[in-house]
Amino acid sequence: MKLSMNRCVRSGRHTPGALLLAAVLLWPAPASAAPAAAPAPAPAAPAKPAPKADPNAPKPTSGANLTSKQIENAVARAVAALYRSEPTYTFPPEYLYSYAYNQETRNMMGNHALACWALLEAGESYQNPPLYRRINWVFSSDSPYTYDRGMRATMLAHLPRARWAPWVRRDGQWLMGALSDKGNFGPQWAGTPTTGVGDNANGQYGVLGLWHIDTAGYPISEDTWKKVDNYWRTAQNKTEGDLPAGWGVYSMDTVDKTKQLEFYTRESGPMTGGAIAALCLTERYLYGPQMVDPNKPNVSANLRKGIRWLDENFSLDDKAEESDWFYYMWCMQRVGGATGYRSFNNVDWFRDVTARVIDRQLADGTWQGTQGRLLSTGFALLYLSRASDPLAISKVRFKSLDKDGRLEEGAWNNRPHDIWNFVDYASEQYEVGTTWQIAELSQPVYELIESPILYLSTNKAFKLRETEIDNLRSYLNAGGLLITNADDNPGAVLHSVNELVDKLYPGKKLDKVPKEHPFYDVHQRLPLGVQMMSVDNGIRPLILHFNRDLSGDLQRKDLAHGEGFSALSNIYLYVTGMNPRRTRLSSNHVVQRVENPARPVAAARVKFSGRFDPEPGALSQLKAILANNHNIDLQVSELAPGELGKTRVAFLSVMGDARMTDTEAGSIRRWVEEGGTLWIDPAGGSRAALTNAEAILAQIAPGSSLVPLSSSSPIISGNKMGGGFDNHRVTYRWYALRTMGPRYTPRLQSVELNGRPGIIYSSEDITCGLAGLDDWGIFGYTPQSARQLVINNILDIALHPVRVEAPATAPAPEATPSATPATPATAPDAKP
């Protein structure tokens, strides 16, 4: 079996599963080490004073406020800084090649290989002349140091394989020769047989290099990986049972008294993180395909103990780890990508670490740590380059209530590599690094919705707590999808899923997904044997259940027969609207942070027969945006047509089952005539919803004509409104453009009442846009454009108070000839 890491060829970036255990960590040893025995590069000598932090640089106030833009800005500044930090391109003085323990000079080749790797990870092309020149400079050295070779091997794996195959073979042979009989590496190798236990700092550089050499096309044998696997298990500190256990720099050398100093033997975060990363790689490769029996423990004791150590000791402010802080944070990102854990010791390594890294960036775009500016900047940029990777899917970790009502750990991780294997596959398919994580249903929705899919897979009956069910419902309303899978015991699992459905949506049940649904062919044609059941709201699936276990296929990583890979790929593309490159923090979900906005505007969701509120997130998201950005308190109520009263603006979302009585229509008409503004749209944009929207409009405004909304309308122009948007050019969803062809102007129409547009009618979806949905199959505006159109209207209403009298109670007249709404160029087919 070949150990391989998927690679994104066009982007020049590795998949997270691949690179993930590039988490094979780096740990420069202290300057006090004896020169000949130094396990890794040392801190640089004091250099020029570091520049002060840039007071004008955008910085997050906390992990909760982190944005994609902040990450992008920090990456751009770091890329520019690394291009300025060039090597000398001349032969340095001979003394620099001595054993003087100085990271910046002795390991120049490794440091610049690290810089090249970071630039390639950030999306820079190797063909860019300044980068190409530096890459060739790195190739020119035959350094004897493990650190340098490990860094260069990793850089090589990010370059086109065929072109540099001889260099890959050269460093592969070197690393294979440097591996000791015990399965580890020392600080250097001079070509003689290698014996002994080496040290864990250089061992991590070496494993990093082996892994990437294999990825780059030079196969590393299974026997080699078994030696590496055995070493790291043996090197772990010994504890009883499942008590936490970590790793130090030296774990096994009992002869050299220098190596028994406390600094070298103490358990440390970077050493433990690196060891976990190495074992995740070897365990997945050597034993992963056999870990399919859900009734057996499928995570080794060594990994459980190491993860528990990190969960008790990880800290952003550990002074003992400050000398390697940037490397340590990069390491934790890799460990998180390998294990799926989002937090250790209650620290969110993604949001909190990313915010801290950005905060520590200096005015010149670099970072300054004790190991030197080049190394610190390289690791910081490596971290931030992966911080925006799409979070494709999250595995739900849960505790279940037993028959006596007590909480017990659920059987949620029977196949520990199933989702890891899927994101590697997805990264290869879409040519963009994707990642995964473990999710707790107690997390806030803004964290959960970073991932469009939650995946709950088990072999036992389960029962969630009421608070978890409520939070899960909020996640689904925010646009998420829950996938459930039975690892085994399908009857018991299905019974639990049915109970969960009834708790979430009383009266609803799982129905068979029709074979014409895009889930079956949006990307790859699925075989008929893949059967799915779902609960949907008439626009999109909310819960999806696999009738047949697909997790085993994913764990075995059998791409030739694994239907789970193509099924999850189709689902992921569907929920992202065929945009798998959506970055982790670019979810459309908005958290309201202004608690008491000053300007009230009364709004209503109109209640009538049928599913009148298919996407509850639509108006709650509009409310959050208006509060945060415009200081407007959108006071939303669900009101029947006769209850609209003094409401200023109302939203009528029409589905395929919508029905309205003439009395209800008459009440709405009188309310509009007295000053109210009504929005009507076919929710989701299906043909059935569009037909009903036309009929309901005709009931409300009989005999009236629709006219295109004027380009001078405040809704389009945004003129004379603080914070208004210029909507002369808007964007439509790809699904709609596929039918309509290129379009850039809004197609809103209005019914003029008393000299003003009293009814705003859209023949394309607005509702799902307000909710922030990305799902494929929605015919309408993108969330940004839908929101900006409606926000302009709310701003205009807030600027022009109108007193709306309560509507009369007289019965509505009989229906009269219909208004003539515009129809899309080609109306979309109704969706299942």
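1. Start with the surroundings of Asn792. In this predicted model, Asn792 touches Pro714, Ile715, Ile716, Ser717, Gly718, Met721, Gly724, Phe725 and Asn727, leaving aside residues up to four places away in sequence. Asn792 itself belongs to helix α28, residues 783-799.

2. Is Asn792 buried or exposed? Its relative accessibility is 0%, so Asn792 counts as buried; the cut-off for buried is under 20%.

3. The side chain of Asn792 also makes polar contacts. A polar atom of that side chain lies 3.0 Å from the backbone oxygen of Ile715. The side chain of Asn792 reaches the backbone oxygen of Phe725 too, at 2.7 Å. Both Ile715 and Phe725 are among the residues that Asn792 touches.

4. Now the charged pairs. Side chains of opposite charge can pair when their charged atoms come close. How many salt bridges does a search of the whole structure find? The search finds 40.

5. Glu321 and Arg266 form a salt bridge through their side chains, at 3.4 Å from N to O. Glu321 sits in the loop between α12 (301-313) and α13 (325-339), and Arg266 in the loop between α10 (262-265) and α11 (269-287), so this pair ties together parts that are 55 residues apart in sequence. Both Glu321 and Arg266 are buried.

6. Arg284 and Asp424 pair as well, with a salt bridge of 2.8 Å, N to O. Arg284 is in helix α11 and Asp424 in helix α16 (residues 418-430); the pair links distant parts of the chain, 140 residues apart. Arg284 and Asp424 are buried.

7. The side chains of Glu615 and Arg540 meet at 2.9 Å, N to O, in another salt bridge. Why does this pair tie together parts that are 75 residues apart in sequence? Because Glu615 lies in the loop between β14 (599-606) and α22 (617-630), while Arg540 lies in the loop between β12 (532-536) and β13 (541-546). Glu615 is buried, as is Arg540.

8. Salt bridges also join into a network. Its members are Arg342, Asp348, Arg351, Glu447, Glu450 and Arg584.

9. Last, helix α9, residues 222-235. At 1.5 Å a residue, its 14 residues should span 20 Å; the end C-alpha atoms are 20 Å apart, so the two values agree.

10. Which residues of α9 are buried? Thr224, Trp225, Val228, Asp229, Tyr231, Trp232, Arg233 and Ala235 are. The buried residues of α9 pack against α7 (165-178), α8 (200-215), α11 and α12.

Key. Residues are numbered from 1 along each chain as its sequence is written. This is a predicted model: local features need pLDDT of at least 70, side-chain atom pairs count only at pLDDT 80 or more; totals for chains, interfaces and linings use all residues. Side-chain values use heavy atoms; hydrogens and water are left out. A salt bridge is a side-chain nitrogen of Lys or Arg within 4 Å of a carboxyl oxygen of Asp or Glu. Helices (H or I, at least four residues) and strands (E, at least two) are DSSP runs, numbered from the N terminus. Buried means under 20% relative accessible area, exposed over 50%, partly exposed in between (1.4 Å probe, protein chains only). The expected span of a helix is 1.5 Å times one less than its number of residues. Contact means heavy atoms within 4.5 Å. A polar contact is a pair of N or O atoms within 3.5 Å; within protein, one must be able to donate a hydrogen and the other to accept it, and residues adjacent in sequence count only if both atoms are side-chain atoms.
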